[in-house]
Amino acid sequence: MNAAERKPPVLAVDPVERQVTVNNRPVKLTRTEYQLIEDLSITPHTGVSYREIAVRLSTLRGPVTSSQVKATASSTRRKLRAAGFPNPVPEVAGIGLKLA
């Protein structure tokens with residue numbers, strides 16, 4: 001099969017089951033990683049600031065920092081790449097993150 005015949009990977013977010021799949025295979029994510037993907041999926045391909053993401057991810061246990069958002073994005077990228085979805089959460093220069 002050549003590159004033109006290959007189908008691009010499909011990432012799906014199921015808010016009812018709180019599950020992310022790549023090509024219909026579940027990807028095991030932490031609660032925070034899932035929340036990050038769910039939040040970014042609301043406006044895919046649009047950059048969201050680290051500050052806005054931090055506010056969305058804040059919990060009753062306390063606020064989330066931009067550094068924690070970056071660490072969560074990094075671990076989420078590793079898991080989604082391992083599942084076959086390349087460059088899933090790229091950084092947007094001067095803005096923050098987006099869902100590719």
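This is a predicted model: local features need pLDDT of at least 70, side-chain atom pairs count only at pLDDT 80 or more; totals for chains, interfaces and linings use all residues.
Visitor: In which strand is confidence lowest, and in which is it highest?
Guide: Over the chain, pLDDT averages 90, and 94% of the residues score at least 70. Confidence is lowest in strand E5 (residues 91-92), at a mean of 90. The highest value, 97, belongs to strand E3 (residues 25-27).

Visitor: What is the order of the sheet that contains E1, E2 and E3, and which are its edge strands?
Guide: This is an open sheet of 3 strands with antiparallel pairing, in the order E1-E2-E3. Neighbouring strands are turned by 35° against each other on average, direction ignored. Each edge strand pairs on one side only, and the edges are E1 (11-14) and E3.

Visitor: What angle does the direction of H1 make with that of E1?
Guide: Helix H1 packs on this sheet, where it touches E1 and E2. Its direction and that of E1 make an angle of about 105°.

Visitor: Why are the buried residues of H2 on the same side of the helix?
Guide: Within helix H2 (residues 50-57), the buried residues are Tyr50, Ile53, Ala54 and Leu57. They share one side of H2 because the arc they cover around the axis is only 100°. In general, an α-helix has 3.6 residues a turn, so residues three or four places apart point the same way. On the other side of H2 are the exposed residues Arg51 and Val55.

Visitor: What covers the buried residues of H2?
Guide: The cover includes both helices and strands. Among the helices are H1 (31-42) and H3. The strands included are E4 (48-49), E5 and E6 (96-97).

Visitor: Which residue in E6 stands opposite valine 92?
Guide: E4, E6 and E5 form an open sheet in the order E4-E6-E5, with antiparallel pairing. Its edge strands, E4 and E5, each pair on one side only. E5 and E6 pair over 2 bridges, and opposite valine 92 stands glycine 96.

Visitor: Is serine 75 buried or exposed, and which backbone oxygen does its side chain reach?
Guide: Serine 75 is found in helix H3 (residues 66-82). Its relative accessible area is 15%, and buried means under 20%, so serine 75 counts as buried. At 3.0 Å, its side chain reaches the backbone oxygen of threonine 72.

Note on methods. Residues are numbered from 1 along each chain as its sequence is written. Side-chain values use heavy atoms; hydrogens and water are left out. pLDDT is the predictor's confidence in each residue, from 0 to 100. Helices (H or I, at least four residues) and strands (E, at least two) are DSSP runs, numbered from the N terminus. Buried means under 20% relative accessible area, exposed over 50%, partly exposed in between (1.4 Å probe, protein chains only). A polar contact is a pair of N or O atoms within 3.5 Å; within protein, one must be able to donate a hydrogen and the other to accept it, and residues adjacent in sequence count only if both atoms are side-chain atoms. The arc is that of the directions from the helix axis to the C-beta atoms. Contact means heavy atoms within 4.5 Å. Two strands pair if DSSP finds at least two bridges between them. Axes are lines fitted to C-alpha atoms, for helices over the stretch in contact, and angles run from 0 to 180 degrees between N-to-C directions.
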